[in-house]
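Have the model open beside you and follow along.

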Amino acid sequence: MRLRVAVKVALGIGVVASLGLTACGGRSVTREVTVAGHSAWTDTGLDVQSQQRITVDASGEVAANPENKTTPDGFVARPEWRKYNVVPEAPHMALIARVGESGKGFLVGTAFRGPAPTSGRLYLGINDRDTRNNKGSFKAIVTVK
Ligand SMILES: [Ca+2]
């Protein structure tokens with residue numbers, strides 16, 4: 001009898017471990033993700049369910065060139081640079097996110113609190129259609145609950 005309980009507990013732990021990056025049943029999952037300025041999208045390794053609460057706190061600096069660096073809020077004072085954006089209405093080179101490979105991008109900035117728009121893999125990215133010439137990185141603490 002005791003052995004059977006032990007096996008069930010062991011199986012339970014195994015299932016939880018394999019789902020470790022999917023928050024479910026009221027558990028929350030937190031990950032620190034480095035978002036390289038020269039990568040369009042960075043896979044957070046987190047799968048979200050539609051309407052699950054996503055929390056992101058971001059820091060760090062990404063440079064468009066040696067004279068122009070930005071926090072995850074992007075170049076707020078440079079609306080003329082938005083023509084190079086992935087998300088048109090957000091500041092250029094701000095930290096952005098999408099859910100799924102072809103999900104619609106949305107602004108994250110230095111702090112984001114909101115529901116997942118749909119279910120799928122969560123990606124973080126740079127609001128820039130040409131990321132190859134960017135330097136630096138943002139650090140994002142992502143929680144899905
Ligand atoms: Ca660029």
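Which residues have the most contacts inside the largest nonpolar core? I found Leu95, Ile96, Val108, Leu124 and Ala140, in a core of 30 residues. For the term, I took a nonpolar core as a set of buried Ala, Val, Leu, Ile, Met, Phe, Trp, Tyr and Cys residues joined through C-beta atoms within 7 Å. I looked up who supplies this core: strands E1 (29-36), E2, E3 (53-65), E5 (95-99), E8 and E9 (135-144) each give two or more residues. E3 gives the most, with 5 residues.

A note on the source: this is a predicted model, where local features need pLDDT of at least 70, side-chain atom pairs count only at pLDDT 80 or more, and totals for chains, interfaces and linings use all residues. Residues are numbered from 1 along each chain as its sequence is written.

Next, the overall layout. I noted 1 helix and 9 strands, in the pattern α-β-β-β-β-β-β-β-β-β along the sequence. Helices (H or I, at least four residues) and strands (E, at least two) are DSSP runs, numbered from the N terminus. Buried residues make up 32% of the 145 residues; buried means 20 or more other C-beta atoms within 10 Å of the residue's own, exposed 12 or fewer, and partly exposed in between, with C-beta atoms placed from the backbone.

Then I traced an open sheet of 4 strands, in the order E2-E8-E5-E6 with antiparallel pairing. E2 (41-48) and E6 (106-107) stand at the edges with a single partner strand each, so one side of each is left without a neighbour in the sheet. Strands pair here if DSSP finds at least two bridges between them; E2 and E8 (120-126) are joined by 5. Thr42 stands opposite Leu124 in E8.

I stayed in E2 for Asp43. Asp43 is exposed, with 12 other C-beta atoms within 10 Å. Leaving out residues up to four places away in sequence, Asp43 touches Arg121 and Tyr123, where contact means C-beta atoms, placed from the backbone, within 7 Å. I also read off 8.8 Å between the C-alpha atoms of Asp43 and Gly125, 82 residues apart along the chain.

Back to Ile96: beyond four places in sequence, its contacts include Val86, Phe106, Val108 and Gly125.

Last stop, Arg78, in the loop between E4 (68-70) and E5. Arg78 is partly exposed, with 14 other C-beta atoms within 10 Å. The C-alpha atoms of Arg78 and His92 are separated by 7.4 Å.

Note on methods: Two residues are in contact if their C-beta atoms, placed from the backbone, lie within 7 Å.
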